[in-house]
Amino acid sequence: MAPRSSLLLLVTLAVALLGVGTNGTSSAAYTASTGNTGTVSAAADWTAPTVTVNSPGALVSGTVAVTATATDGESGLASVTIERATTSAGPWTPLCTTGAVPHTCSWNTTAVADGSYLLRARATDGAGYSATSGLVGTTVLNSAGVTLADPGDPLRGTVPVSAIVTGGAPATSITIARRTAGTGAWTTICSTTNAPRLDCAWSTGALTGFYDLRAQAVVAGTTHTSLLTDILVDNTSPVVTLTDPGNLLSGTRIFAATASDADSGVAAVAFQYAPAGTGSWTTMCVSDTDPFACAFNTLGLADGSYDFRAVATDVAGNSTASASVRRDVNNTVASVSLADPGSPLSGTVALNAAASSPYGVASVTVERRTSPSGAWTPVCTDTSAPYTCAWDTTTVTDGAYDLRAVLTDANGVTLGSAVVAARQVDNSPLRGLDVQAANGAATLGRLETGDTLTLTYSDAVAFGTVMSGWTGSASGVTVRVTNSGNSDGLSVQTAAGAAVNLGTVNLRANHVTATTSFNGSTMTATTDSSGGVPRTVVRITLGTPTSTTGLRTTTSPARLVWTPSAAARDVNGIACSTTAVTEPGTNDRDF
């Protein structure tokens, strides 16, 4: 054999030996030479594998299969380990380690205590790189009985319901039924025989209101029951009306709507446009806070005629579209808008407008009228930007006012802004200034012992007019919460049942399914002169509820509305205004 051929044969054998046991791309690098000094190199594996763990189900018992999916496109997978833990912080206990596909472990759940568990998978490739999957939760239930899975809240349409039987003996029968919350006969949703679990679809149809769900399983002659109470079913669509945005539309305009839903509450209102008559709707912006409004820059639209509407969606997912209005967009004309000064208004208030015109702005006049249909009256006129003026609200009678800005261009053409509607003027020396709630216990959105309600007055209050003989020191009271659908009311009474002159608070959410009293509540008050202005702050701390069965946890953010009582008076004997005060800030879950 020629020397050159011998050398090539030896190189070939060496390369073959080095390649034994490799899978995919090797992480080793080597160079082989021939008489022609050629070089062969292998690329390194610098990429970790990908891995996910699949849920064995929300409720598991006995021995279940837990499977992971892992891939590595370079050096290949070396192993996959599936682990369990009770918290994300660990410690993590391996269920098994496998190198073969499918990567499946048999988990004997009877070897662990019933409860919630987290599962994850770790994959290692041939180059030694590893990756950890996201966490999957499941609940182990091996004790005898039946568990009805929580379908969530609120519900609408057709929803899945499930019950699982645990224990050593098979279930003779399983039944899932529903009834109006707290009363009435049970109506069967579905049932089965000789099965370890029952899964079916509950068609809620036109049901609306609170319902109880019950699962019953007969195991070894014993009937086991699992009950879920006060589940809100909402198949009623919200009501929504688009506020006329005005004509002509140009620049950035504020689009507003009124929307309400008596059951699960309004989650959001979307504002949409479509070229006139096409029905091809596009969302401009979305508002999830009442009052529902948002700004849209019409400069992104070609001049022309458009249909506009508002679409309200409630927390349950029901939606309603308002009647549409057809308006023209023309960005060759002027634009004007008035900033919302808020409500209530008192003293001297700054009114700020924005205006532009291709022909020049001659002036901007801010006008007011008694809401909703009084005659427009000028408040002030400004001829240069920024267009602003001061309104002395003490010159008008307390009440609701509409505001707008009117632009006059250099040619004498006028254009009115969208109306800022029903801003409340209240110059009473004593009035409600702020209302806040705080969670003093463990569950956000649920009325519990230790939760607080804070009411702030604009001036110093004569404590004795709130409750006879009261000095502001801690006194026992009873807090009464009345069920009113999605707008429960809260009032305060003396321990003997007499009214405390604080007025009422609309909780704007459904906290109770029946009227509930919190006995042993405490009321305190303080007056300070922060900034030179006296303020009385009344704080009510909830006591013990007469019953916990009527309490429910609300998931809907809302703003409290406090309507003070005129029976409360300031230190000069002047009665408190009854103008309602809305909780400032963003919507949140109170208590």
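This is a predicted model: local features need pLDDT of at least 70, side-chain atom pairs count only at pLDDT 80 or more; totals for chains, interfaces and linings use all residues.

Reply: Residues are numbered from 1 along each chain as its sequence is written, and side-chain values use heavy atoms, with hydrogens and water left out.

Me: How many of the 11 residues of E30 are buried?

Reply: Strands (E, at least two residues) are DSSP runs numbered from the N terminus. Buried means under 20% relative accessible area, exposed over 50%, and partly exposed in between (1.4 Å probe, protein chains only). E30 is largely enclosed by the rest of the structure, because the buried residues among its 11 number nine.

Me: Which residue is the bridge partner of Arg369 in E30?

Reply: Two strands pair if DSSP finds at least two bridges between them. Strand E27 (residues 361-370) pairs with E30 in the antiparallel sense over nine bridges. Within E30, the partner of Arg369 is Asp402.

Me: Which residue in the turn between E30 and E31 has a positive phi?

Reply: E30 and strand E31 (residues 414-416) run antiparallel and are joined by three bridges. The two strands form a hairpin with four residues between them. The residue with a positive phi, of about 85°, is Gly412.

Me: Why is the pair of Trp391 and Tyr401 called edge-to-face?

Reply: Rings of Phe, Tyr and Trp (its six-membered ring) pair if their centres lie within 6.5 Å; planes under 30 degrees apart count as stacked, over 60 as edge-to-face and the rest as tilted. By this rule there are nine aromatic pairs. The ring centres of Trp391 and Tyr401 are 6.0 Å apart and their planes stand at 80°, so the pair is edge-to-face.

Me: How many residues apart are Trp391 and Tyr401?

Reply: Trp391 and Tyr401 are both buried. The pair links distant parts of the chain, with Trp391 in strand E29 (residues 387-392) and Tyr401 in strand E30 (residues 399-409). Their separation is 10 residues.

Me: Which residue has its backbone nitrogen 2.9 Å from a polar atom of the side chain of Thr536?

Reply: Thr536 is found in strand E39 (residues 535-541). Thr536 is buried, with a relative accessible area of 0%. The backbone nitrogen that lies 2.9 Å from a polar atom of its side chain belongs to Val461.

Key: A polar contact is a pair of N or O atoms within 3.5 Å; within protein, one must be able to donate a hydrogen and the other to accept it, and residues adjacent in sequence count only if both atoms are side-chain atoms.
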